[in-house]
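I opened this notebook to record a set of look-ups, taken one topic at a time. The entries follow in the order in which I made them.

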Amino acid sequence: MKKSVRKAVIAGNWKMNNTPAQTTELINAMKPLVAQADCDVVLCVPFIDIPAAVEAAKGSNIKIGAENVHFKASGAYTGEVSAEMLKAAGVEYVVIGHSERRTYFGETDQTVNLRSLAALNAGLKAIICVGETLEQRELGYTETLLKFQTKMALTNVKEEQLDNVIIAYEPVWAIGTGVTATADQADEGNGFVRAAIAEAYGAEAAEKVTVQYGGSMNDGNADELLSKVNVDGGLIGGASLKADKFAAIVKAASK
């Protein structure tokens with residue numbers, strides 16, 4: 001982390017877990033554990049849980065995010081939710097382009113870009129996910145792919161909007177598998193992302209952008225991962241469903 005120039009952000013991605021009642025219970029358990037955090041703390045929750053999450057987080061340092069957003073303001077898009085709807089519900093952040101959305105629901109680099117623009121233009125903070133598969137890594141395409149995905153996601157994003165952009169490097173081979181990239185691999189991947197931003201906006205702008213690592217970051221490996229200069233936080237999956245484990249990661253990011 002390099003807190004002198006950019007924010008450290010720990011964001012939980014709950015995926016398809018927790019009812020509204022469970023949401024309230026979990027956030028209430030988390031609040032005292034993360035109250036002294038020296039980093040931004042975010043919980044990205046299923047749409048159905050947003051009202052309960054916003055209510056439970058009131059008066060605390062926990063910010064609430066969504067797990068997806070559509071790129072249109074309104075229309076015949078059954079099952080989708082717009083950026084303005086999220087804003088009205090009290091959401092501040094939104095995850096965009098997670099590998100599970102790309103793999104299971106047909107997200108592409110183009111739709112990730114459109115969703116990112118919709119979120120940013122509405123004033124939301126976008127957590128944009130990029131990452132390579134194991135096959136792509138073994139073929140030596142990691143740098144090329146991460147730079148391409150990053151630049152595609154940021155197409156037509158204005159430099160001043162970078163203040164609301166977080167890029168999360170999530171190697172697909174390390175998501176939900178229990179396999180974690182080494183700290184050096186995470187730092188290298190995040191460095192490729194930052195280099196892509198520098199190529200598009202200049203080195204000074206790139207230095208200010210928070211680049212998270214996601215991919216089985218947990219309470220056991222967070223210290224080592226977060227010690228790397230290009231790792232500015234984490235997008236946390238399974239460990240964000242346990243108050244004590246999530247709090248331990250927040251504590252690691254607060255050092």
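**Entry 1: the cover over strand 2.** I count a residue as buried when its relative accessible area is under 20%. The model I am reading is a predicted one. I asked how many of the six residues of strand 2 are buried. Strand 2 spans residues 40-45 and is mostly covered, with five of its six residues buried.

**Entry 2: the partners of strand 2.** I next looked up which strands pair with strand 2. Strand 1, residues 9-13, pairs with strand 2 in the parallel sense, and I found five bridges between them. Within strand 2, L43 is the residue that stands opposite G12. Strand 3, residues 62-66, also runs parallel to strand 2, and five bridges join these two strands. Here V45 has A66 of strand 3 as its bridge partner. I note for reading the side chains that in a regular strand they alternate between the two faces of the sheet.

**Entry 3: the crossovers.** I then followed the chain from strand to strand. Helix 1, residues 20-34, forms a right-handed β-α-β unit together with strand 1 and strand 2. A right-handed β-α-β unit is also made by strand 2, helix 2 (residues 50-57) and strand 3. I looked into the loop between strand 1 and helix 1 as well, where N18 lies. The phi of N18 is near 80°, a positive value in a residue other than glycine. N18 has a relative accessible area of 24% and is partly exposed.

**Entry 4: the cysteines.** How many disulfides does the structure hold? I found zero disulfides. A disulfide would require the two sulfur atoms to be within 2.5 Å. C129 is likewise in no disulfide, and its nearest cysteine sulfur, that of C44, is 9.1 Å away. I also checked whether these residues are covered. C39 is buried at a relative accessible area of 11%, and C129 is buried at 1%.

**Entry 5: D232.** I located D232 in the loop between helix 10 (222-226) and strand 8 (233-236). Is D232 buried or exposed? Its relative accessible area is 1%, and D232 is therefore buried. I then looked up what surrounds this side chain. The side chains of D232 and R6 are joined by a polar contact of 2.7 Å. Beyond its neighbours within four places in sequence, D232 is in contact with several residues, among them M1, K2, R6, K7, A8 and V9. The contacts of D232 also include R194, V209, T210 and V211.

**Entry 6: two serines.** S227 lies in the loop between helix 10 and strand 8. With 54% relative accessibility, S227 counts as exposed. S216 sits in the loop between strand 7 (210-213) and helix 10. I recorded a positive phi of about 65° for S216, although S216 is not a glycine. At 21% relative accessibility, S216 counts as partly exposed.

Notes:
Residues are numbered from 1 along each chain as its sequence is written. This is a predicted model: local features need pLDDT of at least 70, side-chain atom pairs count only at pLDDT 80 or more; totals for chains, interfaces and linings use all residues. Side-chain values use heavy atoms; hydrogens and water are left out. Buried means under 20% relative accessible area, exposed over 50%, partly exposed in between (1.4 Å probe, protein chains only). Helices (H or I, at least four residues) and strands (E, at least two) are DSSP runs, numbered from the N terminus. Two strands pair if DSSP finds at least two bridges between them. A crossover is right-handed if, with the strands pointing away from the viewer, the path from the first strand over the helix to the second runs clockwise. A polar contact is a pair of N or O atoms within 3.5 Å; within protein, one must be able to donate a hydrogen and the other to accept it, and residues adjacent in sequence count only if both atoms are side-chain atoms. Contact means heavy atoms within 4.5 Å.
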